[in-house]
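Have the structure open as you read.

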Amino acid sequence: MSVLEVKHIGKSFDNTEVLKDINFSLGKGETLAIIGSSGSGKTTLLRCLNFLETPDQGQIIVNNEVLFDAQNAAATTEREVREKRLHFGLVFQSFNLFPQYTALENVKLACELLAKNRPDYKERRREILSEIRDEAASLLSQVGLSEKMDLYPHQLSGGQQQRVAIARALALSPDILCFDEPTSALDPELTGEVLRVIRGLAEKNTMVIVTHEMQFAREVADTVVFMDSGVVVEAGDPEEVFGNPKQERTKQFLERYSN
Amino acid sequence: MFLTVIESLNEGFLKTLELFALTLLGALPLGLLLSFCTMSKFRPVKYLMKFIVWVVRGTPLMLQLIVIYYCPGMLLGNNWWGGGTAGRFIATVVAFVINYSCYFSEIYRGGIEGVPRGQYEAGQVLGMTKTQIFFRVTLLQLIKRIVPPMGNEIITLVKDTSLARVISVYEIIWSGQAFIKSSGLVWPLFFTGVYYLVFNGLLTLVFGGVEKKLSFFRV
């Protein structure tokens with residue numbers, strides 16, 4: 001059974017088609033890597049999954065529930081979108097940590113706000129908040145930052161900030177965790193620590209990763225999708241796509257990368 | 001004599017402070033409202049607002065004071081600000097609030113537009129409501145961004161209150177100048193500068209304090 005099914009997703013900005021008939025599905029615990037040159041539509045696809053962009057066509061199905069259908073997208077209220085979003089987590093290229101909160105507060109914030117909707121919040125407020133705190137602290141130590149919990153984002157290195165962002169996305173236990181070029185904004189010597197953390201998560205979590213790190217994509221992904229000009233050119237087992245690409249465009253792209 | 005002068009200057013300065021405080025009270029919230037209008041997606045509101053800001057920032061406050069005080073009377077035949085000191089003061093406050101809310105609206109706009117898109121998006125993907133994003137994520141960043149330009153503008157306001165004397169509001173410059181005619185004394189007028197200096201010194205300390213308070217994070 002697949003956790004995520006993407007069917008016929010299409011998206012245009014003004015008159016430019018950025019995504020054309022995108023289809024894929026993802027099983028539980030699987031990792032999908034999306035590769036392709038800049039402007040190929042990878043990031044837009046990820047943003048569509050997270051409801052930051054609204055596709056013009058197609059469906060997004062999570063755990064057999066149709067979360068998005070372009071046919072009746074207009075009828076969706078903001079509240080519904082908010083709930084649907086929680087199926088997905090997103091780690092941004094530029095981290096987007098909240099600068100006025102410590103690492104720990106960044107991870108806790110959304111959970112604390114959501115907890116207010118719980119029926120037992122008033123009676124068990126203290127308990128709930130301390131649970132959230134412990135959970136956030138354990139996530140931060142999972143990404144190797146137990147020593148840095150009380151520091152503010154500007155006091156952390158780029159790699160550490162991105163690891164906080166990963167912990168923050170994990171805090172809401174999304175069904176599918178998305179990464180948008182998580183190491184592109186980092187100095188080369190800092191990418192390793194972030195990739196290690198993502199690799200560690202790949203075993204248990206269902207993930208979609210947009211990346212320019214080809215070696216990493218090859219190691220971590222169960223399926224690789226190569227996109228170009230808004231279409232999926234080639235998809236399949238990473239060894240196949242990287243080792244023996246069938247399409248000319250994939251070959252050209254990979255050659256440019258290996259040089 | 002010295003005590004008489006000081007007493008009179010104090011009285012004038014109280015009027016100055018009153019005008020200053022009432023202007024802030026009106027212009028700080030009104031400015032925020034106007035900045036939302038300037039950023040409105042509804043074009044007519046946006047362009048009307050931009051036009052108003054252009055006129056208000058493009059003409060001298062002194063002229064605006066005169067126009068706002070005299071025009072209703074000239075057009076309607078009776079001065080609906082009401083005669084006397086009180087009426088002049090109300091007209092002055094109205095003119096100052098309009099003028100300063102336009103300046104403030106531009107400062108707010110700069111602050112709001114300065115918060116990176118990614119901050120809103122990060123809040124959105126974490127399932128926060130628009131209100132939660134505003135109060136829990138962007139507000140403090142916005143405040144941090146606008147404190148320095150606001151400080152500047154507010155200090156200018158303290159000095160601009162002296163323009164009110166053009167329609168005979170008895171603020172401190174007026175009080176100082178009065179001694180030239182009545183007693184042939186020039187120094188009281190010069191001495192009013194000390195009041196402005198001290199008060200602006202205090203404001204500078206306050207704004208410095210706020211900036212320091214917000215220095216625990218960077219935007």
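A:R47 and B:E121 form a salt bridge in this predicted model, with their closest N and O atoms 2.7 Å apart. Across the interface of chain B and chain A, the rule turns up one salt bridge.

**The interface of chain B and chain A**
- Seven residue pairs are in polar contact between the two chains, counting pairs with both residues at pLDDT 80 or more.
- On the chain B side, α5 (117–125) and α6 (130–160) each supply at least two of the residues that touch chain A.
- The biggest giver on that side is α5(B), with seven residues.
- Sorted by class, the chain B side has nine nonpolar, eight polar and four charged residues.

- In all, 21 residues of chain B are in contact with 24 residues of chain A.
- About 2200 Å² is buried between chain B and chain A, and carbon and sulfur atoms give 61% of that.
- Within chain B, the residues losing the most area to chain A are B:V125, B:L126 and B:R136, which together make up 32% of what that side buries.

**A helix pair in chain B**
- Helix α1 (residues 2–38) and helix α2 (residues 43–58) of chain B have axes that come within 7 Å and cross at roughly 125°.
- α1(B) and α2(B) are therefore oblique to each other.
- From α1(B), B:L34, B:C37 and B:T38 meet B:V45, B:K46, B:M49 and B:K50 in α2(B).
- That contact has four nonpolar, one polar and two charged residues.

Notes. Residues numbered from 1 in each chain as written. Chains lettered and ligands numbered in written order. Predicted model: local features only at pLDDT ≥ 70, side-chain atom pairs only at ≥ 80, totals over all residues. Heavy atoms only, no water. Axes fitted to C-alpha atoms, helices over the stretch in contact; angles between N-to-C directions. Helix = DSSP H or I, 4+ residues; strand = E, 2+ residues; numbered from the N terminus. Parallel < 35°, antiparallel > 145°, perpendicular 65-115°, else oblique. Contact = heavy atoms within 4.5 Å. Nonpolar A, V, L, I, M, F, W, Y, C, P; charged D, E, K, R; others polar. Buried area = accessible area lost by both parts, 1.4 Å probe. Salt bridge = Lys/Arg side-chain N within 4 Å of Asp/Glu carboxyl O. Polar contact = N/O pair within 3.5 Å; in protein donor to acceptor, adjacent residues only side chain to side chain.
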